[in-house]
Amino acid sequence: MAARSAERSPAARRRRDAVGAVDTVDTVVDMDFSKGHGTENDFVLLPDLDVRIDLEPARVAALCDRRSGVGADGILRVAKAGALAAAGVLETLPDGVAEDDWFMDYRNGDGSVAEMCGNGVRVFAHYIRAAGFERRDEFVVGSRAGGKPVVVHRADADRGEVTVDMGAVRELGATTATIDGRVFPGIGIDVGNPHLACVDPHLTASGLAALDLTASPGYDPGVFPQGVNVEILTALDGGAVDMRVHERGVGETRSCGTGTVAAAAAALRHDGADAGRVAVRVPGGEVLVRIADDGTATLRGPSVLVASGVVSDSWWRSLTPTRANAGA
Ligand SMILES: N[C@@H](CCC[C@H](N)C(=O)O)C(=O)O
């Protein structure tokens, strides 16, 4: 997966040096953060317009830890795409992303980088509006999977509602997932990041709720060499499905935006349709997915900003003694 190896590449370092950009190691003091969620898929948002925060994996994991950190499924660094490229965080600007576009620099809770996060884009867009960084209702949020146009329907201090143009939904073919000791047929789906969506027509909402998703589902690494997010769902009934998800780099989460798009595509395909509108119920709420005839999708749903604060500078520096505390 290109996005994972693009961090701090020699080419990116050369460009950063050429433009005299700041290094991202420990030049930030007392980091501001906000905490938000989209259907209970929760994130720590780090406004970092000058790209000074060193988001090395161990620090991301520590910040996301639910007992010893702030606690979240992932981190959303808030910056402009051009600033991230200048700092060497992005090697190149992804398709459809301009230097002046906002960029959601997403990290999973285990510190790994992922190409895209559908709920993250919704919360990111709500946050930059609520925080006053952006005034428009329609703009592009960059991700490693390309530019994602958003429409902000509502952006109050705490509540938001956002539609994301998720772009192309690409089927990767039939495969299986092993969940809770059972093998489920499913299809691989690329929504910018990899998914394996399994529709089980015999599954009821209560049967779905009873499945044990604590262990990582089994999958074919030949089909998903970079790992995969696995969705298990009921068949379409009255335009809606129930879904649970086990996310790559996180574990079970209460919602996954890209996962709901993959689930909607799989549910429609199971019904013999290519396009349509699907309400996807997840443990953390409900979102609406529309898949168009041209194979692109939109995702609409709520966003909530619940808190803001400051990360202790001494705690943050204590996380990486070899770098942050060198000489201290
Ligand atoms: N929760 C996200 C997806 C986050 C990335 C995923 N875990 C991966 O590694 O691909 C969403 O809302 O889409």
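A: What follows is a short talk about the domains, the ligand and the salt bridges.

Q: Before we start, what sort of model is this?
A: This is a predicted model, in which local features need pLDDT of at least 70 and side-chain atom pairs count only at pLDDT 80 or more, while totals for chains, interfaces and linings use all residues. Residues are numbered from 1 along each chain as its sequence is written, and side-chain values use heavy atoms, with hydrogens and water left out.

Q: OK, which domains does the protein chain have?
A: The assignment gives domain 1 (2–163 + 304–324) and domain 2 (170–294), with bounds that come from an automatic or database domain assignment.

Q: And how many residues are in contact between them?
A: Between the two, 19 residues of domain 1 are in contact with 21 residues of domain 2, where contact means heavy atoms within 4.5 Å. The area buried between domain 1 and domain 2 is about 1200 Å², and carbon and sulfur atoms give 44% of that; buried area is the accessible area (1.4 Å probe) that two parts lose on being put together, summed over both.

Q: How many salt bridges cross that interface?
A: The rule finds two across the interface of domain 1 and domain 2, a salt bridge being a side-chain nitrogen of Lys or Arg within 4 Å of a carboxyl oxygen of Asp or Glu.

Q: Switching topic, which residues come nearest to the ligand?
A: Of the 15 residues around the ligand, N41, G118, E247, G257 and T258 come nearest, and a residue counts as near if one of its heavy atoms lies within 4 Å.

Q: What about the atoms of G118?
A: A backbone N or O atom of G118 lies 2.8 Å from an oxygen atom of the ligand, and for N119 a backbone N or O atom lies 2.9 Å from a ligand oxygen.

Q: Where does R248 come in?
A: An N or O atom in the side chain of R248 is 2.8 Å from an oxygen atom of the ligand, and R248 also forms a salt bridge with E115, with the closest N and O atoms 2.9 Å apart.

Q: And how many salt bridges overall?
A: The count comes to 23 salt bridges. Among them, R77 pairs with D105, the closest N and O atoms being 2.8 Å apart.

Methods
A polar contact is a pair of N or O atoms within 3.5 Å; within protein, one must be able to donate a hydrogen and the other to accept it, and residues adjacent in sequence count only if both atoms are side-chain atoms.
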